[in-house]
Amino acid sequence: MLIVIAAAIANGLCIGGSRAVNGKLGQHRGALAASFWNHLGGLLFLSLLLAASGAMPRLPAHAPWHAWCGGVIGALFVALNSFALPRLGTMKTALLVIAGQMLAGVL
């Protein structure tokens, strides 16, 4: 259980760090460009990691159409964050994102 808790905390640190990096890139290149480079870098990293582990995934044969929306939502999240963070600051942006997550959980 301790490993899972540590992984969740590490995930939060990654999210916070990623927001700061993409916010800075968004200031210099624009929110959509920051999102593009974020996702291209992620694609390359995961492709190399999966290839090295020999665990390349297969496309799910019977996934419903909405199962593919995660990537779109993720790209939108990064673009919106890259737009908001330089204007609101890290703390306000993080708190508002958490507020949005809580609202989504209620809905």
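This is a predicted model: local features need pLDDT of at least 70, side-chain atom pairs count only at pLDDT 80 or more; totals for chains, interfaces and linings use all residues.

Student: How many helices and strands does the secondary structure of the chain come to, and what pattern does the chain follow?
Tutor: The secondary structure comes to four helices and zero strands. Read along the sequence, the pattern is therefore written with helix symbols, a helix here being a DSSP run of at least four residues. That pattern is α-α-α-α.

Student: What percentage of the residues in the chain is buried?
Tutor: The chain has 107 residues, and its C-alpha trace spans about 40 × 35 × 30 Å along the principal axes. A residue counts as buried when its relative accessible area is under 20%. By that cut-off, the buried share of the chain is 15%.

Student: Which residues form the nonpolar patch on the surface, and what is their accessible area together?
Tutor: The patch consists of Met1, Leu2, Val4, Ile5, Ile9 and Leu13. One of these, Ile5, lies in helix α1, which covers residues 2-29. Together the patch residues have an accessible area of about 720 Å².

Student: How many disulfides does the count come to?
Tutor: A disulfide is a covalent bond between the sulfur atoms of two cysteines. The rule applied here asks for a pair of cysteine sulfur atoms within 2.5 Å. By this rule, the number of disulfides is zero.

Student: How do Cys14 and Cys69 stand in relative accessible area, exposed or partly exposed?
Tutor: Cys14 has a relative accessible area of 52%, so it is exposed. For Cys69 the relative accessibility is 27%, which makes this residue partly exposed.

Student: What is the volume of the largest pocket, and which element gives the most to its lining?
Tutor: The volume of the largest pocket is about 310 Å³. Of the 14 residues that line it, the closest to its centre are Asn38, His39, Gly42, Leu43 and Leu46. Two elements give two or more residues to the lining, namely α2 (31-53) and α3 (69-88). The element that gives the most, with eight residues, is α2.

Student: What separates the C-alpha atoms of Ala33 and Val72?
Tutor: Ala33 lies in helix α2 and, at 25% relative accessibility, counts as partly exposed. Along the chain, Ala33 and Val72 are 39 residues apart. Their C-alpha atoms are separated by 15 Å.

Student: How far apart in space are Phe36 and Ala10, C-alpha to C-alpha?
Tutor: Phe36 has its place in helix α2 and is partly exposed, with a relative accessible area of 48%. In sequence, Phe36 and Ala10 are 26 residues apart. In space, C-alpha to C-alpha, the distance is 24 Å.

Student: What separation do the C-alpha atoms of Gly71 and Leu88 have?
Tutor: Gly71 lies in helix α3 and is exposed, with a relative accessible area of 51%. Gly71 and Leu88 are 17 residues apart along the chain. The separation of their C-alpha atoms is 25 Å.

Note on methods. Residues are numbered from 1 along each chain as its sequence is written. Side-chain values use heavy atoms; hydrogens and water are left out. Patches are made of residues with over 30% relative accessible area and no salt bridge: like charges are joined within 9 Å, nonpolar side chains (Val, Leu, Ile, Met, Phe, Trp, Tyr) within 5 Å. Accessible areas come from the Shrake-Rupley method with a 1.4 Å probe; for residues, only the protein chains shown count as cover. A salt bridge is a side-chain nitrogen of Lys or Arg within 4 Å of a carboxyl oxygen of Asp or Glu. Buried means under 20% relative accessible area, exposed over 50%, partly exposed in between (1.4 Å probe, protein chains only). On a 1 Å grid over the protein atoms alone, a cavity is a set of points where a 1.4 Å probe fits but cannot get out, and a pocket is an open set with protein on both sides within 12 Å along at least five of seven lines; lining residues have an atom within 4 Å of a point. Grid points are joined across faces, edges and corners, and a volume is the space filled by probe spheres set on the points.
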